[in-house]
Amino acid sequence: MWAKGLLAAEAAVELLIGHRLLLYRDDFGEVAVEFGREPFSGQEMVAVDFEAVAGALAAGALAAGALPYAGSAGRVLRLAASIAAGVPADLGNAVSGLDASSTGLVACAVLHAVGHRDLMARRGAW
């Protein structure tokens with residue numbers, strides 16, 4: 001399990017995994033993703049630096065290019081950074097304009113982060 005035991009980190013990473021498109025962007029990887037090995041088992045690991053992403057989003061740029069994170073992708077990324085690292089986010093602005101799929105992912109991330117994973121199983125009834 002990703003970030004096992006750290007509910008906010010788990011929730012944010014699962015939000016990114018669920019959104020999918022963010023994980024395949026080179027500019028996101030250059031700014032936010034660090035590769036390494038777990039010190040005890042040697043297993044390969046990937047870490048997301050949510051604070052670096054939030055800084056890049058605020059500055060309007062990722063890596064050397066202009067920030068193309070308009071719409072749902074930028075909103076999801078801002079919310080993930082807020083959940084994982086406590087980066088301030090304007091919730092009203094961040095959730096407005098989300099499509100149904102992203103809204104469901106964000107709702108599940110919030111439930112997960114506060115420890116209500118049991119309620120996520122009922123998400124189909126929403």
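This is a predicted model: local features need pLDDT of at least 70, side-chain atom pairs count only at pLDDT 80 or more; totals for chains, interfaces and linings use all residues.
A nonpolar core is a set of buried Ala, Val, Leu, Ile, Met, Phe, Trp, Tyr and Cys residues joined through side-chain atoms within 4.5 Å. Here, "buried" means under 20% relative accessible area, "exposed" means over 50%, and "partly exposed" lies in between (1.4 Å probe, protein chains only). Residues are numbered from 1 along each chain as its sequence is written, and side-chain values use heavy atoms, with hydrogens and water left out.

Now for the overall layout. The protein has seven helices and four strands; these are DSSP runs numbered from the N terminus, with helices being H or I of at least four residues and strands being E of at least two. Of the protein's 126 residues, 29% count as buried.

So where's the core? The largest one holds 23 residues, and Leu16, Phe50 and Leu77 touch the most other members. At least two residues each come from α1 (7–19), α2 (26–32), α3 (50–59), α4 (72–85) and α6 (100–113). The top contributor is α4, with six residues.

Let's take a look at α1. Its 13 residues reach 18 Å from first C-alpha to last, close to the expected 18 Å (the expected span is 1.5 Å times one less than the number of residues). Several of its residues are buried, including Glu10, Leu16 and His19.

Next, the strands. β1 (residues 33–37) and β2 (residues 44–48) run antiparallel and are joined by five bridges; DSSP has to find at least two bridges for strands to pair. Glu34 stands opposite Ala47 in β2. The two strands make a hairpin with six residues between them, and Gly42 in the turn has a positive phi of about 80°.

Finally, charges. Side chains of opposite charge can pair when their charged atoms come close. A salt bridge is a side-chain nitrogen of Lys or Arg within 4 Å of a carboxyl oxygen of Asp or Glu, and the whole structure has two. Arg25 pairs with Asp27, their closest N and O atoms 3.1 Å apart; Arg25 is partly exposed at 28% relative accessibility, while Asp27 is buried at 15%. Arg37 pairs with Glu44 at 3.8 Å between the closest N and O atoms, and both of these residues are exposed.
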